[in-house]
Amino acid sequence: MLEVNDNDMKLDECGELSAKWGYAPSEDGSAYHLDLCHDCFKFALSTLRDKRRSLAIVNKEIDLPGEDFGRIGGHAPKSK
Ligand SMILES: [Zn+2]
C-alpha cells in the first residue's frame, strides 16, 4: 500500500488503483496498489481520459471520452 501525497494517509474515503499482472513481458507477477485522495484520483482519471482521447483522435471507432469518463454511478459533475 502506498500513498501519493500527505492527504492520502488519513482518508475515510479513497480512490484505489491496483493491478496484479500475470505474465506480461515486463511485469512478470508484479502487483501494485495505490490509495488515492480525491485530488490524486482526479489526476489519474484525467490522465487516462487524455490517453483515451488521443486514441479516439486517430481511431474513429473509439468514442471521445466525456466528463463522465469512468463514472459508473452518482451524478455527473457540473460543467464549469
Ligand atoms: Zn493524494
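Select Ala19 and then Tyr32, a residue of strand S3, because the two are bridge partners, where strands are DSSP runs of type E with at least two residues, helices are DSSP runs of H or I with at least four residues, and both are numbered from the N terminus. What you have open is a predicted model, in which local features need pLDDT of at least 70 and side-chain atom pairs count only at pLDDT 80 or more, while totals for chains, interfaces and linings use all residues. When you type a selection, remember that residues are numbered from 1 along each chain as its sequence is written.Widen the selection to strand S2 (residues 15–20) and strand S3 (residues 31–36), which run antiparallel and are joined by six bridges; two strands are said to pair if DSSP finds at least two bridges between them. Staying with S2, how many of its six residues are buried? The count is zero, and S2 is hardly covered, where a residue is buried if 20 or more other C-beta atoms lie within 10 Å of its own, exposed if 12 or fewer, and partly exposed in between, with C-beta atoms placed from the backbone.

Of its 80 residues, 5% count as buried. Among contacts in the chain with a separation of 6 or more, 39% are between residues 24 or more positions apart, a contact meaning that the C-beta atoms of two residues, placed from the backbone, lie within 7 Å.

Next, colour the chain by pLDDT, the predictor's confidence in each residue on a scale from 0 to 100. The mean for the chain is 84, and 82% of its residues reach 70 or more. Confidence is highest in helix H1 (residues 38–58), at a mean of 94, and lowest in strand S1 (residues 2–3), at 62. Where pLDDT is low, the predicted coordinates should not be read in detail.

Move on to Arg53, which you will find in helix H1. Is Arg53 buried, partly exposed or exposed? Arg53 counts as partly exposed, because it has 14 C-beta neighbours inside 10 Å. Leaving aside residues up to four places away in sequence, Arg53 touches Leu64 and Pro65. If you draw a distance from the C-alpha atom of Arg53 to that of Pro65, which is 12 residues away along the chain, the separation is 6.1 Å.

Finish with Arg71, in the segment after H1. Arg71 counts as exposed, because 12 C-beta neighbours lie inside 10 Å. Select Leu45 together with Arg71 as well: these two are 26 residues apart in sequence, and their C-alpha atoms are 10.0 Å apart in space.
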